[in-house]
Amino acid sequence: MTTINSRDFQRLADLYARPLGVSLVAVSPQGEVVRRCAVGDDPCDDSCDEWRAKVVREGYRWGEPSVFSCSHDHLQWAV
């Protein structure tokens, strides 16, 4: 499993999340949030762990990015 350190996560947040107005999270394979950069109103919480875990599994399964919608109708994109 590949992990992202704080510095690299912050660089992604600065380059993409804030300018695009989207939240960015790094999650464990179980879908638990490891790092978060919330932008605006971000209602996603622990109830989204199942959805985040699913998108991670599918990314590993297919070996490419995958996209799902969580229970709050937010897109979850795993790369």
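Predicted model: local features only at pLDDT ≥ 70, side-chain atom pairs only at ≥ 80, totals over all residues.
Residues are numbered from 1 along each chain as its sequence is written, and side-chain values use heavy atoms, with hydrogens and water left out.

The protein contains 2 helices and 4 strands; helices (H or I, at least four residues) and strands (E, at least two) are DSSP runs, numbered from the N terminus. Read from the N terminus, the order of elements is α-β-β-α-β-β. The radius of gyration of the protein is 12 Å, close to the 12 Å that the globule rule gives for 79 residues, so the protein is as compact as a globular protein of that length. Here the radius is taken over C-alpha atoms, and the rule is 2.2 Å times the number of residues to the power 0.38. Along its principal axes, the C-alpha trace spans about 30 × 25 × 20 Å.

The accessible surface of the protein is about 5,700 Å², with 53% belonging to carbon and sulfur atoms; areas come from the Shrake-Rupley method with a 1.4 Å probe, and for residues only the protein chains shown count as cover. Of the 79 residues, 25% are buried, where buried means under 20% relative accessible area, exposed over 50%, and partly exposed in between (1.4 Å probe, protein chains only). Contact means heavy atoms within 4.5 Å. Among contacts between residues at least 6 apart in sequence, 26% join residues at least 24 apart. The protein carries 9 positive and 12 negative side chains, and the centres of the two sets lie 6 Å apart. Lys and Arg count as positive and Asp and Glu as negative, with His and the chain ends not counted; each charge is placed at NZ of Lys, CZ of Arg, CG of Asp or CD of Glu.

In soluble globular proteins, nonpolar side chains tend to be buried together. In this model the largest nonpolar core has 5 residues: F9, A13, A17, A26 and C37. Helix 1 (residues 6-20) gives the most to this core, with 3 residues. A nonpolar core is a set of buried Ala, Val, Leu, Ile, Met, Phe, Trp, Tyr and Cys residues joined through side-chain atoms within 4.5 Å.

A13 touches R18, P19, L24 and C37, not counting residues up to four places away in sequence. L24 belongs to strand 1 (residues 24-27) and is partly exposed at 23% relative accessibility. L24 and E50, 26 residues apart in sequence, are 17 Å apart in space, C-alpha to C-alpha.

L20 lies in helix 1 and is exposed, with a relative accessible area of 61%. Its C-alpha atom is separated by 9.3 Å from that of V39, 19 residues away along the chain. T3 sits in the segment before helix 1 and counts as exposed at 63% relative accessibility. The C-alpha atoms of T3 and S28 are separated by 8.6 Å.

C44 is found in the loop between strand 2 (33-37) and helix 2 (49-62). Is C44 buried or exposed? C44 is buried, with a relative accessible area of 10%. Residues up to four places away in sequence aside, C44 touches R36, R52, C70, H72, H74 and Q76.
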